[in-house]
Amino acid sequence: MAATKLAVLESRLTALEAELAKLKREAAMPTILPLPWWEERWGLFDDDPDYEKAMELGRQYRESLRPKPARGKSSKKATKPKSARNGKR
């Protein structure tokens, strides 16, 4: 019985030693993480006139979507007529 327990322990120890050696090899290898996508593209369009033009056109388009104030009217909120403020109609 003692011989079988010893054999089991030896096989477990051999497996543990192999796993430890594998982990040490992996830990010794330098890990190179991929760059995030935005860092890979950083500066790709530096001083590119086409890119600058595209950015300007995009800005103009976004501004065209904003509501424009009505001409001749104040941008302040409309106030109630005096008669409505005093409780009169």
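## Terms and model

A residue is buried under 20% relative accessible area, exposed over 50% and partly exposed in between, with a 1.4 Å probe and protein chains only. The model is predicted, so local features need pLDDT of at least 70 and side-chain atom pairs count only at pLDDT 80 or more, while totals for chains, interfaces and linings use all residues. Residues are numbered from 1 along each chain as its sequence is written, and side-chain values use heavy atoms, with hydrogens and water left out.

## Aromatic pairs

Rings of Phe, Tyr and Trp (its six-membered ring) pair if their centres lie within 6.5 Å; planes under 30 degrees apart are stacked, over 60 edge-to-face and the rest tilted. The count by this rule is two aromatic pairs. Trp 37 and Trp 38 are edge-to-face, at 6.0 Å centre to centre and 90° between the planes. Trp 37 is exposed at 58% relative accessibility; Trp 38 is partly exposed at 47%.

Phe 45 and Tyr 51 are stacked because their ring centres are 5.0 Å apart and their planes at 5°. Phe 45 is partly exposed at 42%, and Tyr 51 is partly exposed at 32%.

## Salt bridges

A salt bridge needs a side-chain nitrogen of Lys or Arg within 4 Å of a carboxyl oxygen of Asp or Glu. The structure has three. In one of them, Glu 40 and Arg 41 have their closest N and O atoms 3.5 Å apart.

Arg 59 bridges to Glu 56 at 2.3 Å, N to O, and to Glu 63 at 2.7 Å between the closest N and O atoms. Arg 59 is partly exposed at 33%.
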